[in-house]
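Dear colleague,

I am handing over the structure we spoke about, and my notes on it follow below. Please read them with the model open beside you.

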Amino acid sequence: MDEKKELDLQAEAAAAQVRPFSESNPPIENTADLKTHNVSIEKAGSEVEIEVEEDLYRPLLMDASIPHEENPLTVRAVVTGCILGSLVCASNLYLGLKTGFTFSANMFGAIFGYGVLRLMEKSGRNFPIIGGLFGPQENSIVQAAATGAGGTGGIFVAALPAMYQLDVMNGHSPTQDIGIIFTITLVTSFVGMFYVTPLRKFFIIQVARELKLMFPTPTAVALTIRSMHAGAAGSLDAIKKLKCLAICFIGALCHRVASYYAIGILYDWHVFTWIHIWSGYTSWALNIESWGWYFEWTPAFIGSGILIGLNPAISMFAGSVIAWAIIGPALVHYGECIGLDASGDDPKWNGLYSFTSLSKLGERTPSPRYWLLWPGVMVMVCCSMAELFVQYKAIWAGAKSVWFQSCAGINNALTARGKQSAFFAKHGASRARDETLVEDPFPPEQQVKTWMWTLGLLVTLVIGMIIFHFQWEMHPGLTILAIVLAFLFSFLAIQIGAVTDNTPLTAASKASQLIFGGATSHSGYSVPHAQKINLVAGTLASGGADMATALVSDFRTGFLIGTSPIKQWIAQCIGAFCSVWLGPGLFVLFTSAYPCIWDPTKVDDHCPFLVPSVSAWKAVAQAVTDPNVKIPLKSGIFAIVMGAVSIIQVVVRHYWLVGPREKYRAWLPNWGAIALSWVIPAPVFANAALLGAIVAALWRKWSMRTWDIYGYAVAAGFIAGEGLGGVVGAILTLAGVDGGTYGTMVACPGGSC
C-alpha cells in the first residue's frame, strides 16, 4: 500500500472515531473534565488535524464500524491471555530476583494478543473455536487473562527467598516445600480479587471524577486497544506495533541467551576492568570496578527506562552516584563499613572487593549495602506514606462512600425480609442520592454476582486460616489481621495508583512487617518463628493488595472499552489460577539452577541475582524480631533525616507547587527512585534505565507519531524478551550446558561476571 493511500485511511479512521451520541454514549456536559486527543497526520504536503474531545470518565468513543461482539469471553481469548501472561510471569520472576522490579502484563497482552487473535480470525474462519469476529472487547479479555496469569511474581522475589535466607524453613529447600508454596500462592492470589470485586463501582464510577482517578496505565492500554481496532488505519498501526514488539521480544530473548556464553562481551561491559588489564594489572581502575561501575546491555532495563521517563531515570542514576560513588566509599574510608576481599588466589586481581555482603549481621562491621539499606527503606516508606496522607480528602471520601454503600446494602437486605431500620435507611438513602449522578453503563446481568465473590471470599478465608495455621504455624487471628491489612492497603494503593500511576506496595509491605513485628513481640515466639510469621503475613497483606489493584485496573480498561465486568472477572480469575501453578514451578526452577537465591550458606557467593527486595524484607524482619541485629546509629540518623526530607518534598509539591508554580514539579527528584538505587547495590540498572529514558525523550522530540506507534511495543518486547531469556538460562544451567560450562568469562573482573 502506498503512503498516500495509507494516510487517507488514517484520516478516515480518526474521523470515524466520533460516534453519534446515544443512550449508551450520552453527550458530555462538564467541559472542565474533557480530555482532548489530537490526531495529526501529514498528507500530500499538508497537515490534517482532527480533534476528538472525550471524557475519559465515560466509556470511550469507539469506531462506529466495529460490529457488535456477542460474547467476547472466548476460549481463544482466555487461552491466549494465559499463555502471554505466563511469559510475563516468567519474565517477572527473573527480573524481580535480579533487580526487584516487576511489570504488568496488560500492555504486552493487549498488543501481542491482538496479533494472535487477528491471525486466528483470518486463518480459522471455518473453525468454531479458533475463528470468528475479533473486536476490542475480546482484546480486553486477552489482556485481563494475561494480567491474572502474570501477577504472582512479587511473592517469589521478596518474602519467600527471605525465609530461606533466614533459615526459618526447617532446613528445607524450595523443591521440598513446593506443596506449601502452592497453597500460599493460592490464598494470596485470590483473597485480594474476591474482597475488592464489590468496590469496582466505587473506584471506577462513583468517585472517579471527584477524586481524579485516571488510572494512567490501564487508560493507556484501553486507548491502545481502541487505536488498533480503529478501522483500516488502526489495523495498519496495530500490525506495525505487533511486528515491532515481536522483533524486540525475539531479539532480546536471543541476545540474553547468547550473552551467557560471552557475558563480558555481549552483556556486561566492565570498562574499568579493561583498563586494569590493559595497564598491566596495576591500575587504580579496579577500585572503581569494585563499586559496580560498569555498563550492562540489559534490554529489560533499557525498556523500563523507555517507560518511566527522564525524571525517575535521572533520579535513579543520581541515587546510584550518591550511594556508590560518594557515601559508600566514604563509609569504607572512615571505617564505618568494610568490604570483603574478592580477588581469590590470583594476585593480578588484588584490590578487587565486594561491598554487598549481608551475612553475619550483628557479628561484624557491616557492609555499605547494609548501611545504605535503611535509608533506602525509610525513604521508600516515608514518601509513599506521605503521598497517602496528602490524599486525606480522597481517603475520607472513599471511607464515607463505603459506609453509605454498606448501609444501603444492609437496608435492602432488611427490606427484603420485611424489616426496617431508620438508621440504615437514612444513610443508605444518602448513597442512593449520590448514585443518581452517575450511571453504570453495565446492567445487573453483566455485573459480578454477589454470591460469586462472597462465596469465594468465605472459602478463601477458611482455607487461608487452615493453611496458615498448619503449614506456617500462624494463629488464625493473625491471618485475619493480615487480610484486614491487605484490604486497607488495597483501598489506599488503588486510589494512589489511580492518580499517580505509582502503587505504594513497598510502603504496604513494610508497614505490614512493622505491624506484625509489634503483634508478635512479647508473645512467646522464638526469633525464627516470629520472623517466619512476619514474612508470611507481610506476603499475604502485600500480595492481596497487589492482586486487588491489578483487578481494579483491569476493570478500568474494560469500562473504557465496554467489556462487561463479569467476563473480565472470570478471565482474570482463570489467569490467576494458571499463575498459582506456574509461579511456584518457576521459583523452584530458578532456585534449583541458582542456589545462591535461597541457600544462606551461598548468599555471599558470586550470584547473578542481587535479590534487592529479598534483602529489604529480610532486614526489616530481622530488625523487628531479633534483638541482636542492630541498625548502625549513623545509618539510622541519616535514614530519619532523608525520610523527613522526602516527606517535606511531598508536602511542598502538593501544597506549594500549585497554580502557576505547578510547572516546577517536573524538576523535583523522585525520592522513590533514589531510594531504590540505595537498596540495589549495583549502578548498572540505573545506567541502562537512563539510556532508555534518553532514547525515549529524543524519540518523542524527533517524531511523536512513530513514538505513539512503536514506543510501548519496544519497551514491552525488550522487558518480556530478556525475562524469558533468563528462564532459558536457568534451564541451560540445570542441563549443564550453560555459559559457565561452555562459555568464556573473558573481560570479566576476577575471571567471573
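In which handedness of crossing does H10 pass H23? H10 passes H23 in a right-handed crossing, where right-handed means that the near helix is turned clockwise from the far one by less than a right angle, and left-handed anticlockwise.

Please keep in mind that this is a predicted model, in which local features need pLDDT of at least 70 and side-chain atom pairs count only at pLDDT 80 or more, while totals for chains, interfaces and linings use all residues. Residues are numbered from 1 along each chain as its sequence is written, and side-chain values use heavy atoms, with hydrogens and water left out.

Helix H10 (residues 216-228) packs against H23 at an angle of about 35°, with the axes 8 Å apart; helices are DSSP runs (H or I, at least four residues) and strands likewise (E, at least two), numbered from the N terminus, and axes are lines fitted to C-alpha atoms over the stretch in contact, with angles from 0 to 180 degrees between N-to-C directions.

Beyond its neighbours within four places in sequence, Pro 72 is in contact with Ala 77, Gln 137, Glu 138, Ile 141 and Lys 567. Pro 72 and Ser 140 are 68 residues apart in sequence, yet 8.6 Å apart in space, C-alpha to C-alpha.

Definitions and conventions:
Contact means heavy atoms within 4.5 Å.
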